[in-house]
Amino acid sequence: MIPASFDYKRASSVAEALDILKGDGDAKILAGGHSLIPAMKLRLSQPSVLVDIAKIPELNFIRDRGKYFAIGAATTHGAVAAHKSVNAKLWWVANAASMIGDVQVRNAGTIGGAIAHADPASDWPAVLLAANASIKVEGTNGSRVIAAQDFFTGFFMTALEEGEIITEIHIPDPTSSDTPDSWRSTYQKFAQPASRFAIVGCAVNLQLSADGTIEQAYVAFNGVDSKAYRATSVEEALVGRTLSDETAAGACDGATAQAELIMSDHYADEVYREHLAKVICKRAISACMYD
Amino acid sequence: MSYIGQSVKRTEDRRFTTGKGKYTDDIKLPGMTYAHIVRSEYAHARINSIDTSAALAAEGVVAVFTGDDVAHIRGVPCGWQVNFKDGTTMKEPAHPLLCAVGTTVKHVGDGVAMIIAESRAAARDAADLLVIDYEVFPAVVNGAEAIKDGAPLVHDEAPNNMAFDWAIGCSPEEINAAMDSAAHITTLDFVNQRMAPNAMEPRSALGNYDDAMDSYTLWTTSQNPHLTRLLLCAFVLGLPEHKVRVVAPDVGGGFGSKIFHYTEEALVIWASKAIGRPVKWTSTRTEAFLTDAHGRDHVTKAEMGFDTEGNVVGLRINTVANLGAYLSTFAPAVPTYLHGTLLQGLYTTPKIRIDLVGAFTHTTAVDAYRGAGRPEATYLLERLMDKAAIEMGKDPAQLRLQNFIPPFDGVTQPGYQTQVALQYDSGNYHAVLERGLEMVGYEAFRKEQAEARANGRYLGIGFSTYIEACGIAPSAVVGALGARAGLYESAQVRVQPTGKVSVYTGSHSHGQGHETTFAQVVADKLGIAMADVEIVHGDSDAVAFGMGTYGSRSLAVGGSAIIKSIEKVLEKGAKIAAHKLEANVDDLEYADGKWTVKGTDKSVGFGDVSLTAYVPHNYPAGLEPGLDFSSFYDPTNFTYPFGCHIAVVEVDVETGKVKLNRFIAVDDVGNVINPMIVDGQIHGGLAQGIGQALLEGVQYDETGNLTNASYMDYCMPRADDLPMFETDRTTTPCPHNPLGVKGAGEAGCIGSTPAVVNAVMDALTPFGVLDLEMPMTPQSVWRAIQSKTEGCSA
């Protein structure tokens, strides 16, 4: 429970953080520290230096940019959950943020830290996938924007390259479209009782026509596979149908079709987890009727 | 002025809630060093060699000790002896302070070396430099497996891993005849799973040897510092007791786990002398999982026989109790005299027998954990009752009422002699169940349940009616049963010259609120303000002796000792008062803090008398000055709280998740001094008992690894797992102690577990699920339903 010794540096700008990273291959970025510090205490992670980016002003913001919300990477889950404008326009994203951990975790843990860590059971990845979000990263060679779809590449693995840090998360705002009331969305989670991480998390983001037909569907899971994934089978089964309990019950069958593997642990083996994925998927789709 | 019966706010909470409590780990002494215990990663392995050279050379390291350095010290002892049925002495293998080279480690977490350094970090860093060569052997973790032929042996001197076998109740012939006569037998094979105690404050020990005085001080997280001192001095280190001070300052919860004397306490004291500096060790949470004595872990086959009318005719039990790798301080007593003797429950069962084996395994030691044996007894009785009701098509509440022991007050009616050695003091068992039924609205619930089922929702109700034995205990009785200690309590009431009162109690508060409750009692009995009473505990230099706090004994035993001293104070005070009032002692009455000559307005106050006792100018001839009395109280019997717990659940059959909708607890703990504190004790106990039913449980893999030794995996109950508790009380005073109190610390934990399991079983009746192992996780509930249905699509 005592980490190996390490240096600590607080960066005041992204440029400064990148500079420290560049000079030390064993340096690690520290934001909220809610995944990194426990790993260090168990000595599973022994970085040479922690580069604290939590207080960098250019990483701490939530901005409504019209077509999308831009959220600074060091923004806490709690700040997202409490943000007025996010609650008004993307309530389900704010709600998902409010389901992460507990109050202490949400007040320290950050959205950028969570997705950089890419824990398959963490909540943000599925939400960002279903929201069609993208992730802006910066390296010494400049910045680039990665679609969430391309970002989560494997078990605790992302498209981030050596020396890059996440700076912003962009989440499309459906209320800025021509049909602002056409979207129905939710994130539902079945939590592991002890850690409260997701055994299954399911994000559903649907666009309905005036008569209730599903025109676009984005469905994503976390907790199930070794990485968060889009459930395109469910999406295909939804598009063109009327949103209803029957539609939900039919579509959820494909919940794990795109999973490369089903994780198994003490609280949920493969069979139970696959079953739960379908149940939570069904419930999430049905819940969209009441969004 | 009366404090007794009032929900007085806890005086100690000011320091606790403002972060000003002083715990062992808060204490820093000049020159203090920090110890890190290097622990075995293997459950069963021989230590072939340990190379300490690199660790010793590391920066900041002061000393490295291995088992060879402490091999001359006897290990920590066991405090209770339970022999084999044939009279053979209990197997009591040594529990060394550290495992020496050439010996075997016996559980993951067994101590192998102690590194002492200038900082915790330096000690921890050096641990990585220790080179230990282990030869790993197969391990056994399950008690029932351990006693089979061919199982890996934990101790060579304990064949088949048996520490003892034991029975209580009637003869095998008698129980078999009773069961043969039964019209219906309900059987239950189950595991009462192993629990980790999880006190909020991890264990800590700080040892300081004073060279100038040739004396030792140990600050430690203990529920009974005097007992720790006795064991440490007399059995482990062979130190003169008057040269050893043991202090248990503020202690953040124990739940039993801090009763016991642990190796680290002896190590820091010994090491402090060895290096000439104070040595502090504080457990990490992972270490707490690996080394704090666990609770429960029984593998049981239970059978209850009924006649055609539904009357219980016999109870036959076979249990293997997993004791872990070593015999912890009270380990042998827990499954035997705190469990087997409770199998009468609240019922008139005429024939009872339990056969029980205490088994060694390659796991952390098991000992008393909140309830200690009584939850296990209650669990098997109450699960059997509900299962029998389902099987016989009877109502579970009615089946209990039909079999209850009739009411008795223990004063005008005698106590109830059980078939398993105890004599219950007083009880009115029908009253708690009837009150519980009223509170839950039983008939209305059954209607709601039927309607819900018709709509595909599965509600369930579960009952548990329990009795426990508290206020442990008459010393002669427990001595005859194998205890190596007396179980009385001491109290000194020192009236200061100004009439302020200091009370020195051998009870120890680690969350119970004694500083408030005891002060309420003292203030009332003396007719003075609570603010004028101070309760001192936890320091062997301040308190003459003490047996500590466990088994819901503090008020029943410790409180009674205080009452005895108060009586002596008042008796002597009356003599002084009579002298001052120029009256006969017999003509005085004491009330509201003053002695009054009956029928007059002549009186003298407590403060006047106190001052006179210390300034005895005008004083009764022949009377000693001073007003300061010590007493020891040895109870004449256990006390027997009882109650009825009712759980109402809804099971989400698609996911298997259980939602606890309501929990009703009607407890009879005898007279109540502070209802708020009793409610708090009940609430905490309920959370722990419900935790066992739904959430908690230590898991070992087959190699002996404790696989859920963190809060990421070991699920403690949280507020949002629980409903608002609905509590009530009946009051049946204890007839044999002066306050009429019975004890409330464990009741919630003893009664609640089977109520929750029974409720889930009731909800799942339509599926034919009759039994489920604890904890009832969503996955296990879902699987149980699956096993009874033809697949279940989402």
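Trainee: What makes up chain A in terms of domains, and how is it divided?

Mentor: In this predicted model, chain A is divided into domain 1 (7–52), domain 2 (57–174) and domain 3 (180–290). The centres of domain 2 of chain A and domain 3 of chain A, taken over C-alpha atoms, are separated by 20 Å.

Trainee: How do you know which residues of domain 2 and domain 3 of chain A take part in the contact, and how many are there?

Mentor: Two residues are in contact if their C-beta atoms lie within 7 Å, and the contact takes 23 residues from domain 2 of chain A and 26 residues from domain 3 of chain A. On the side of domain 2 of chain A that touches domain 3 of chain A, helix H5 (91–98), helix H8 (124–130) and strand S8 (152–154) each supply at least two residues, and the largest share, five residues, comes from H8(A). By class, that side of domain 2 of chain A divides into 15 nonpolar, seven polar and one charged.

Trainee: Which residues form the contact between chain B and chain A, and which helices of chain B supply them?

Mentor: The contact takes 21 residues from chain B and 18 residues from chain A. Helix H3 (120–127), helix H8 (285–291) and helix H19 (778–788) of chain B each supply at least two residues of the side of chain B that touches chain A, with the largest share, four residues, coming from H3(B). That side of chain B has eight nonpolar, seven polar and six charged residues.

Trainee: Turning to chain B itself, where do its domains lie?

Mentor: The domain assignment gives domain 1 (13–137 + 200–253 + 258–291), domain 2 (295–472 + 637–788) and domain 3 (488–633) of chain B. Between the centres of domain 2 of chain B and domain 3 of chain B, taken over C-alpha atoms, there are 40 Å, and 19 residues of domain 2 of chain B are in contact with 16 residues of domain 3 of chain B. The residues on the domain 2 side of this contact in chain B divide into eleven nonpolar, six polar and two charged.

Trainee: Why does the span of helix H15 of chain B agree with its number of residues?

Mentor: At 1.5 Å a residue, the 28 residues of H15(B) (residues 554–581) should span 40 Å, and the end C-alpha atoms are 38 Å apart, so the two agree. H15(B) is followed by Glu582(B), whose phi is positive, near 55°.

Trainee: What makes you call H15(B) mostly covered?

Mentor: Of the 28 residues of H15(B), 20 are buried, and the helix is mostly covered on that count.

Methods: Residues numbered from 1 in each chain as written. Chains lettered and ligands numbered in written order. Predicted model: local features only at pLDDT ≥ 70, side-chain atom pairs only at ≥ 80, totals over all residues. Domains from an automatic or database assignment. Nonpolar A, V, L, I, M, F, W, Y, C, P; charged D, E, K, R; others polar. Expected span 1.5 Å × (residues − 1). Buried ≥ 20, exposed ≤ 12 C-beta atoms within 10 Å, placed from the backbone.
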